[in-house]
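Notebook open, viewer loaded. I'm jotting down what I look up as I go.

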Amino acid sequence: MIKKIFFLNIVFLAFFFGQEAGAYQIEKTQDKTEDRFIVHPAKVDFEIRPGQILEFDLIVANRLGRGAEFFIKEEHYKDPNLPIIEPEWLEIETRNFSLGNLEKITLKVKVAVPEGVELGGYYLALVVGTEKKMHQEINASRIGLVSQIKIPLLSRVGDVAPSENISVDFGARKFFFLTGPIVFSTKVFNQSKVHLNIHGEVSIFNFLGIKTAQLPFSLGTVLPGKEAAVETSWLKKFPLGPYWAKVNVWYGKQGQIQKEAFFLVFPIHLLLILLFLIWLAARIAKKYQVNFIIEKKKKNESQGGKN
Amino acid sequence: MLKKSKIIIGELEFLAVAWGVFLVVLFSALGEGWEVLVAGTSSDTINVSVSILDVISISSPSDVTLSPDILGTGISTGSAVWTVSNNLSADWELEVEAESAPAMNGNTDTIADYTETVSGVPEIWSVDSSDSEFGFSVSGDSSEAKYSNGFNFEGFSGSSKIKVAGGSGVFPPGGEDVTIHFKVEVGADRIQDPGNYLARITVTASTL
């Protein structure tokens with residue numbers, strides 16, 4: 001009997017203390033109530049090799065002015081067809097917790113990528129939210145509100161170079177413009193296996209080769225298999241003549257693609273108006289010139305007659 | 001002899017003066033050193049640092065009770081404001097989704113999601129007299145243009161997320177306010193079961 005009790009105690013203690021002790025911390029802060037809750041990080045974009053583990057701190061701070069129940073869950077990031085960071089790769093210390101007003105929690109999050117995983121991008125969103133219990137006794141139509149923050153987890157597993165799997169379409173909206181603004185369209189299609197941070201600039205040169213404008217733009221993070229587009233406008237007053245526009249698109253660590261487009265700007269409408277005015281002025285001038293000559297002749301004749 | 005004495009006295013005087021000057025200089029120097037020892041200054045440089053972490057935040061408004069109560073038929077409205085902010089200067093977006101389809105349910109009856117003439121294109125509110133529908137619109141500087149700042153409505157689409165606002169990461173002080181306007185209409189010819197109708201709407205902010 002004593003042996004059984006002793007054995008049961010050992011089992012109980014092993015179960016109780018055998019679990020990994022939660023290491024997360026809830027701390028009181030000196031922040032102010034701001035009617036919001038805050039999450040760090042806002043985004044996790046990382047490179048990792050198969051077999052490696054990424055660890056980061058997830059911090060949730062309650063500044064709502066009241067205590068709240070929080071939850072953490074995962075969901076697909078943007079497109080369910082994207083390769084996903086598998087649930088078994090992810091470890092979070094806890095997924096449900098309570099925070100009093102002005103308290104914050106720091107949780108360890110681990111992403112352990114197994115060996116042998118195909119190289120490329122893997123994606124997931126961590127969703128941190130707070131909810132209130134629905135009150136059924138209210139005598140009115142009611143809408144229960146849940147506020148959430150979604151943190152993108154964007155990973156590049158292995159050293160995957162995007163290589164030539166990026167295509168860029170670039171051009172001015174038209175070949176011929178009467179006047180500005182001149183609008184350029186840049187489309188980037190990411191056909192690689194990883195997400196890319198893409199930005200660029202459009203440079204405009206006149207027919208003398210002098211750079212007359214520089215228009216930077218950013219396409220942000222473009223997921224694999226997705227396209228991003230941006231329009232940039234050149235707001236020059238009275239552009240005139242032939243121009244070349246060159247776009248530089250930078251992606252990844254050192255990738256760069258250049259494209260060019262040619263366009264003409266000529267205010268034909270203004271030229272026609274100008275020609276018309278010149279013609280009109282010439283007609284008027286001719287008419288007054290004729291009258292002047294006639295009057296002069298008359299004057300000369302009258303003077304000759306007197307003499 | 002007298003001359004010799006005078007010379008000796010002169011030399012002694014000179015020596016005395018020189019010795020006096022030496023002592024003055026010596027004690028001055030010692031005094032300076034003593035001052036240094038007593039009112040000594042030494043300097044030490046330390047670095048003070050702080051980390052500003054990248055964050056995203058969202059407010060959590062209270063549940064919305066539509067008003068007025070619907071006397072059999074009629075319209076009831078309500079709204080809530082979410083304030084979104086991040087310090088990454090990153091593009092962001094706000095999405096809404098409903099817990100169920102249709103979104104608004106009672107114990108014995110439901111209120112259909114608002115049906116647009118062109119699916120997914122918000123429009124000026126219009127409900128047939130034989131229908132009852134629940135929809136929403138959005139207003140705010142960063143709300144999607146399709147809502148015309150709160151004039152055009154659309155219906156929820158179950159758990160499919162609908163983007164209602166977004167921006168390029170430049171936030172005004174305190175964050176960007178986005179208001180979601182909810183509306184229910186029970187058509188004049190509609191017989192809607194009386195009771196409380198509830199909808200559960202989730203609003204999600206994220207950086208891109």
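Predicted model: local features only at pLDDT ≥ 70, side-chain atom pairs only at ≥ 80, totals over all residues.

Which residue of chain B forms a salt bridge with A:Glu75? I looked it up: the partner is B:Lys161, and the closest N and O atoms of the pair sit 3.0 Å apart.

**Entry: the A–B interface**

Polar contacts next: I get 26 residue pairs across the interface, with both residues at pLDDT 80 or more.

Which elements of chain A give two or more residues to the side that touches chain B? My list reads β2 (36–40), β9 (120–131) and β10 (142–157). Of these, β10(A) supplies the largest share of that side, 10 residues. I also sorted the side of chain A that touches chain B by class and got 16 nonpolar, nine polar and 11 charged residues.

For the overall extent, I noted that 36 residues of chain A and 38 residues of chain B take part in the contact.

**Entry: strand β3 of chain B**

I picked two residues here, B:Thr83 and B:Ser85. B:Thr83 is in β3 of chain B, which covers residues 74–86, and B:Ser85 lies in that strand too.

Is B:Ser85 buried or exposed? It is buried: its relative accessible area is 16%, and the cut-off for buried is under 20%. B:Thr83 comes out at 21%, so I have to log it as partly exposed.

Setting aside neighbours within four places in sequence, I find B:Ser85 in contact with one residue of chain A, A:Arg36, as well as with B:Val55, B:Ile56, B:Ser57, B:Phe171 and B:Gly175. With those sequence neighbours left out again, the contacts of B:Thr83 are B:Ser57, B:Ile58, B:Ser59, B:Gly174, B:Gly175, B:Glu176 and B:Asp177. With B:Asp177 there is also a side-chain to side-chain polar contact, at 2.7 Å.

How far apart in space are B:Thr83 and B:Thr73? I get 34 Å, C-alpha to C-alpha, for a sequence separation of 10 residues.

**Entry: chain A as a whole**

I counted elements in chain A and have two helices and 18 strands. The chain has 307 residues, and 39% of them count as buried. For contact order I took the contacts in chain A with a separation of 6 or more; 72% of them join residues 24 or more positions apart.

I also ran the aromatic search over all chains and it returned 19 pairs. One cluster I wrote down is made of A:Phe170, A:Phe177, A:Phe184, A:Trp234, A:Tyr243 and A:Phe263.

**Entry: A:Asn96**

A:Asn96 lies in strand β7 of chain A, residues 96–99. I log A:Asn96 as exposed because its relative accessibility is 56%, and the cut-off for exposed is over 50%. Which residues does A:Asn96 touch, not counting those up to four places away in sequence? I find A:Phe70 and A:Phe71. For a distance check I took A:Leu240: it is 144 residues from A:Asn96 in sequence and 64 Å away in space, C-alpha to C-alpha.

Definitions and conventions: Residues numbered from 1 in each chain as written. Chains lettered and ligands numbered in written order. Heavy atoms only, no water. Helix = DSSP H or I, 4+ residues; strand = E, 2+ residues; numbered from the N terminus. Buried < 20%, exposed > 50% of the residue type's maximum accessible area, 1.4 Å probe, protein only. Contact = heavy atoms within 4.5 Å. Polar contact = N/O pair within 3.5 Å; in protein donor to acceptor, adjacent residues only side chain to side chain. Phe/Tyr/Trp six-rings, centres within 6.5 Å; stacked < 30°, edge-to-face > 60°. Salt bridge = Lys/Arg side-chain N within 4 Å of Asp/Glu carboxyl O. Nonpolar A, V, L, I, M, F, W, Y, C, P; charged D, E, K, R; others polar.
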